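These are my notebook entries on a structure that I went through by element and by residue. I set out what I looked up and what I found.

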Amino acid sequence: MIFINQVFSQSRTLTGTVTSDSGDVLGGASIFVKGTNIGASTDINGNFSINLTGQTNPILVVTYQGYATKEVEVKPSDTNISVFLINNNPEAITEVVVTGFGMTQKKESLTSAISTIGADDISRSVASTTSGALVGKIPGINSRQTDGRPGASTALQIRNMGNPLYVIDGVQKDAGQFNNLDFNDIETIAVLKDASAAIYGVRAANGVIVVTTKKGKRNSGNTINIVGNYGFQNLSTFAKPANAVTYIENYIQSETVQGKSLTYSREDLEKWRQGTEKGYVPFDWYDYIWETSPQQYISANTSGGSENINYYFSVGHLNQDAIIVNYGGFKRTNIQMNVESQITQKLKVGASMNGRYENRTNPGVPGADDYWLPVFGTYRNLPTKRPFANDNPLYPTRTSTDPGTNFAWLNYDLSGKYTDTWRVAQLNANAEYDLFEGLKAKALVGYYYAAQKLDNHEFTYKLYGYDEPTDTYPVIFENNNPWRERRMGYVEELTSNIQLNYTKAIDGHNINVLGGFETIQRNTPTTWVHSIPTSNSLKLIDYQTMDTYNDEGNNTQGRIGYTARLNYDFEGKYLVELSGRYDGSWKFPPGHRWGFFPAGSVGWRASAENFWQNSGLSVVNDFKIRASYGLLGDDEVSGYSAFGYMPGFNYKTGGSVIDGKYVLGSQPRGLPVTTLSWIKAKMLDIGIDFALLDSKLSGTVDYFRRIRTGLPASRYDILLPSEVGFSLPSENLNSDVITGMDAMIKWADRLGDLNYSIGANATYSRFFDWNQYKPRFSNSWNVYRNSINERYGYINWGLESDGQFQSWEEIANWQIDNDRQGNKTLRPGDIKYVDQNGDGVINGLDERPIGYRQDSTPIFNYGMNFGFSWRNFDLAFDLSGSALNTYFMEWEQRNPFHDGGNNAQHYMEDTWRLSDIYDANSELIPGKYPMLLIGNSNHSNYWNSDFWKTTVRYIKLRNLEFGYSLPEGLTNKINMKRIRVYFSGQNLLTFSNLKGLDPEINATNGLVYPTTRIMNFGINLTL
């Protein structure tokens, strides 16, 4: 922003300050008078002074690298003019990248595959979690949100390698802490995708996501920012269940074809079509259960600094209601505080706190997942059933074979209440001391405390019928088994990180050496209590009603690691990095706890060579080739738990009555696991970074390959008698491979008053099962069908469909036994299958690879990012999508009238059908799907085939934000630096080849809380 004080005299001098649109001062910005050589630049505080003597109505041109150039008209009557420079290429100005273990490095000298994203791009989202804000914005990230309930996170994997490690302000954390940061408090996120993650040793095999929160800047004025938005959310994509008429018509047709007694006569059908007579009024369970609900967010932060202190303080609150009617939601309040102070010329200290209050509330309903029954009830409750007996809202009735599906009683009054509350604080203290020139000592101590209180009370309840002659409501179902539980516990973690860092530059040779160590100790003491209350109104737990008390103990964890890193470059051209970590984990036997994880990388910045700069290649102003290789570890070994190497017994396993007393039982733990340690990952990355046309066009391309060895498996060729009651322990025997490419390209430029940027990123990452322990097969078919040795992993096998039978004549003449019953069960519209082996019968020998993995992030993810600003208007939006993953339609989405319930409307209305549903011999009308027949779920139509498996492709308008900033002259009059109003949205549009379903879900029945469409209106205030 430029504040211009105009002094009318013989000489005229203007002074001002230049800041970014986010309120940061911009030191080194250029200011000159258009059409002249008169100019000035800002100092470290963003201040400037320029002589305008003799200039009439001058126009100031203000420029700063990475920001849109802006022209400011200076009129004689102007006294104060505010101008904000818009950041049009955040990545181009990111000179420093956090590379892990509290270390930073200039981007131009990086030799590793590290992707970064800045605050402006992170905050362009209305997601409730940090992971949701990153989707489609970073190369090397595979993502998928399979559940959209309030507070739900998005699954993130770096190059499909597995769950990454998160590091927040130098402290190793988990996905829960990462996702529940207020992402508006984040300054940068760096994604360590290759061997650069080796600095984190035994937890780094799946990559590392490094988060740095905002800290304010020295010598900058105090800035207050307020952000608020309010909007609405609804179902983005959910397959609606069939309405009453569609359901009844299909049901009548099925009974007609199967020769059954008709449930609905022609007169009944007509009454249901009219829908007005009592007993024939359809009910829409979709509208009854789902609604449009609000989401709101507000935050305030202040930042700035003096010569020796910089600070950032913020508080934010998110409230996301469920889109299930009266079903609670998710609330979170975040606090972030960062302060740094230069105590002396050599000593700098800092402190930070990240805290939050997090609450999830919903009715207490039967089952482990309280969101399941409303979603399930949307389909299980038929549109011919109504929620209340005789439509009397005092008497909920039974609407299906499962009494829990009637949403009429799934509320706080009738079913109970569930609350899960976390109170969390991460406290960090750090210090940095210059021992002598080039040598610094750093220390960081962190304390983390997260307290949980979970309360759940599930009431007893009754369901009623209606007896019309007596006008009474008899009880037809009663649940007298209440559930009352409480979990109280906390997570306590103490971390320390101490390091020495030496930097030296000699005649173009630049050396940086680091050494240090890190410790982590974690305790998770928890107790769980269950009782059987004598009344729904009794909220307290007492001894007399308590039947279970579990003390889960401290479960102490301990880690320690010694780290070293060497960086060398010569004149910024030839780059070398060597690093290593000697790491120990408490999980394994004493002789197997420690390991060394080395890594190295090299780079050549060809664009810094004289021959490059003095040739036609200079149009490419930055070009770097780099490669890295290293060994990383993973101590999350499946099938193994901490202290599995110890012999002994599991107490409180079963029990028996001995001498009239019940005695708790114990069970042998099995053979101690003494030959198993962490998984080892060897990671290779080769990449290029480039920028051309004065950095208007920039990008990166990387090839990567990771091979993991030491995956756990048991030897099958050593046998134990079954009488011993346990099997052989696992050993580090197998291996797998991940390989692929990721890339990013971006164009940023200016056309007149229009500043714009267009970017795209993509990640392709394919998993292979690799060397397995002594593969054994009985024949060539067994090898082909069942081997997982050095081939694509998670191959989705099934039959290949070959269209549908079109007539009875075609079925009669069909030579292949399509249903394994001589084709006696087939009808026109039924699915034909390819006889792959030519034996004349369709069976498991005809299965072939027909799809990709179903239960993880896709093989291919991509994103496109657009940003535009024109005068006071700004528009930004992100597209994200994926391909090469498979969705399998089953259960409610496939099986006819599944378990007495409903199917999707789009499914039921597009099946083969009779022209007269009461006449089995009437003409058939073709449809996309086979005719639905009651009890026919085991028919050949529903075998595992590509008819029901879809290789999903989609693209979503993931984020959109359109804003308008009030004119500077107006905001200055009310002493505001900036006022911006905006509209923002998430998941506004979805284009997919998966009809009726959210393409990101994994549940094969389609019954899951889908991702939500959000539309918000907001305001940004800067004071």
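**Entry 1: strand β17 and its sheet**

I began with a bridge: Thr-188 has Thr-212 in β17 as its bridge partner. I worked on a predicted model, in which local features need pLDDT of at least 70 and side-chain atom pairs count only at pLDDT 80 or more, while totals for chains, interfaces and linings use all residues. Residues are numbered from 1 along each chain as its sequence is written, and side-chain values use heavy atoms, with hydrogens and water left out.

I took helices (H or I, at least four residues) and strands (E, at least two) as DSSP runs, numbered from the N terminus. Two strands pair if DSSP finds at least two bridges between them. Strand β16 (residues 186–192) is joined to β17 by 6 bridges in the antiparallel sense. I then looked up β14 (residues 165–168), which runs parallel to β17 and is joined to it by 4 bridges. Within that pairing, Tyr-166 stands opposite Ile-209 in β17. Tyr-166 also stands opposite Lys-173 in β15, and β14 and β15 run antiparallel, with 3 bridges joining them.

I recorded the open sheet of 5 strands in the order β11-β16-β17-β14-β15, with mixed pairing. Its edge strands, β11 (114–118) and β15 (171–173), each pair on one side only. From one strand to the next the twist averages 20 degrees; the axes behind such angles are lines fitted to C-alpha atoms, for helices over the stretch in contact, and angles run from 0 to 180 degrees between N-to-C directions.

How many residues of β17 (residues 208–213) are buried? I found 6 of 6, where buried means under 20% relative accessible area, exposed over 50% and partly exposed in between (1.4 Å probe, protein chains only). Val-208, Val-210 and Thr-212 lie on one side and Ile-209, Val-211 and Thr-213 on the other, and both faces are covered.

**Entry 2: a second open sheet**

I next looked up an open sheet of 4 strands, ordered β4-β3-β6-β7, with antiparallel pairing. β4 (39–41) and β7 (70–73) stand at its edges with a single partner strand each, so one side of each is left without a neighbour in the sheet. The twist here averages 20 degrees from one strand to the next. Strand β3 (residues 30–33) runs antiparallel to β4 and is joined to it by 3 bridges; Ser-30 has Ser-41 in β4 as its bridge partner.

**Entry 3: aromatic rings**

Rings of Phe, Tyr and Trp (its six-membered ring) pair if their centres lie within 6.5 Å; planes under 30 degrees apart count as stacked, over 60 as edge-to-face and the rest as tilted. Phe-238 and Tyr-379 form an edge-to-face pair, with 6.4 Å centre to centre and 65 degrees between the planes. The two are 141 residues apart: Phe-238 is in the loop between β18 (220–235) and α4 (244–258), and Tyr-379 is in helix α7 (residues 372–380). Phe-238 counts as buried at 10% relative accessibility, and Tyr-379 is buried with a relative accessible area of 1%.

I compared this with Phe-866 and Phe-877, whose ring centres are 4.6 Å apart with planes at 20 degrees, so the pair is stacked. Phe-866 lies in strand β46 (residues 860–870) and Phe-877 in strand β47 (residues 873–888), 11 residues apart. Both Phe-866 and Phe-877 are buried.

I also noted an aromatic cluster that includes Phe-238, Tyr-379, Trp-285, Trp-290 and Tyr-1009.

**Entry 4: charges over rings**

I counted a charge as over a ring if NZ of Lys or CZ of Arg is within 6 Å of the ring centre and within 35 degrees of the ring normal. Lys-173 lies over the face of Tyr-448, 3.5 Å from the ring centre. The charged end of Lys-949 sits over the ring of Phe-888, at 4.9 Å from its centre.

**Entry 5: Ser-293**

I looked up Ser-293, which is found in strand β19 (residues 293–305). Ser-293 counts as buried at 1% relative accessibility. Its C-alpha atom is separated by 6.7 Å from that of Ala-322, 29 residues apart along the chain.
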